[in-house]
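The text after it goes through them step by step.

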Amino acid sequence: MTAVTVPVPAMPRRRRDRSEIREPEGREKRVLLAAPRGYCAGVDRAVIAVERALEHYGAPVYVRKEIVHNRHVVETLSARGAVFVDETTEVPRGERVVFSAHGVSPQVHAEAAELELSTIDATCPLVTKVHREAVRFAKQGYSILLVGHAGHEEVEGTMGEAPEAITLVQNPDEARTVELESTEKLVWISQTTLSVDETMETVGILRERFPSLEDPPSDDICYATQNRQVAVKKVAPAADLVLVVGSANSSNSVRLVEVALEHGAKAAHRVDFAREVDEAWFHDVATVGVTSGASVPDTLVQELLGLLAEYGYGEVEEVRTAEEDLMFSLPRELRKDLKAAGQATSNKKDGADRDHELR
């Protein structure tokens, strides 16, 4: 049976009136809006791929796992005709399937071929880079330490590239205890959406234990993950409260909450939607920091800013620490079919850059 994501209506509840919230004494209310925030290039590419596939091929278009880790995105695409499944084997023979931005293992590609599926590989190119590193290092005889979280789709896909050569290390504690058969040729790689600080702490411990440990040729943690963490570090020291828009299964969104607390925020919470905000969090709060994970459309941030304005946080100051202009082309399988049909193959919408407003 095919698994389908069904939107769950929000339960109505009474919001506290602004008069019920303790005001901060002697301080003006404001919002510090972190930038960059929201969609990264890999997420944008993956979401557009599903949208364009639905427009071109028609529904249903099957998607293995969540295309990106965001409830709103998955629910919206489901309503348009995308069918999300947990495993490739759930897709009917001969149908079309999109692989998520997090990447898949060679076994998944083999399963798709066995079922004669038409595939669209929406794996983020930065994840693909890590896969290629794993394959190359394994062929060169290296033992590979993969810093990442067990069960995350990206980690499962990377480990599937060279399972006999890769050992997973999830955190500094595991770095202190991991045992290896050989340390003569040893290299580390990482999941792209981790906390930069914790990853480097983990690697530092590994390097102390295994002096021969080599670095990957370039940083594996993606530019967008790093940029969002840097922006939160800038906002956090001045914030009484930091609100991160993002889903619970979004690694980079969860990390943003942790980074905010580690760098001075008095409190920090993650929400999928503005309706999930508990107004009690506003007691005695003058400055609210706001950001969002790399798989979050900006419309959700705007809804949160609207709620904050209702409670007196109408002054919004953007805190920008980097500019982002990277754009990835659509998956080649989709580009080929769009081109054959005489359709545009750009990531742009109506001749202009997308505004990240998936609705």
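Aromatic rings and their neighbours

Phe282 and Tyr311 are both buried. The model is a predicted one, and a residue counts as buried when its relative accessible area is under 20%.

The structure contains three aromatic pairs. In one of them, the ring centres of Phe282 and Tyr311 are 5.3 Å apart and the ring planes meet at 50°, so this pair is tilted. The reasoning rests on a cut-off: planes under 30 degrees apart count as stacked, over 60 as edge-to-face, and the rest as tilted.

Where do Phe282 and Tyr311 lie along the chain? Phe282 is in the loop between strand 10 (268-271) and strand 11 (287-292). Tyr311 is in the loop between helix 10 (298-310) and strand 12 (316-320). The two parts are 29 residues apart in sequence, so the pair ties them together.

Phe282 also pairs with Tyr313. This pair is tilted, with 5.5 Å from centre to centre and 55° between the planes. Tyr313 lies in the loop between helix 10 and strand 12, and the pair links distant parts of the chain, 31 residues apart. Phe282 and Tyr313 are both buried. Taken together, Phe282, Tyr311 and Tyr313 form one aromatic cluster.

Arg96 lies over the face of Tyr57, at 3.5 Å from the ring centre. Lys185 lies over the face of Tyr142, at 4.6 Å from the ring centre.

Note on methods: Residues are numbered from 1 along each chain as its sequence is written. This is a predicted model: local features need pLDDT of at least 70, side-chain atom pairs count only at pLDDT 80 or more; totals for chains, interfaces and linings use all residues. Side-chain values use heavy atoms; hydrogens and water are left out. Rings of Phe, Tyr and Trp (its six-membered ring) pair if their centres lie within 6.5 Å; planes under 30 degrees apart count as stacked, over 60 as edge-to-face and the rest as tilted. Helices (H or I, at least four residues) and strands (E, at least two) are DSSP runs, numbered from the N terminus. Buried means under 20% relative accessible area, exposed over 50%, partly exposed in between (1.4 Å probe, protein chains only). A charge sits over a ring if NZ of Lys or CZ of Arg is within 6 Å of the ring centre and within 35 degrees of the ring normal.
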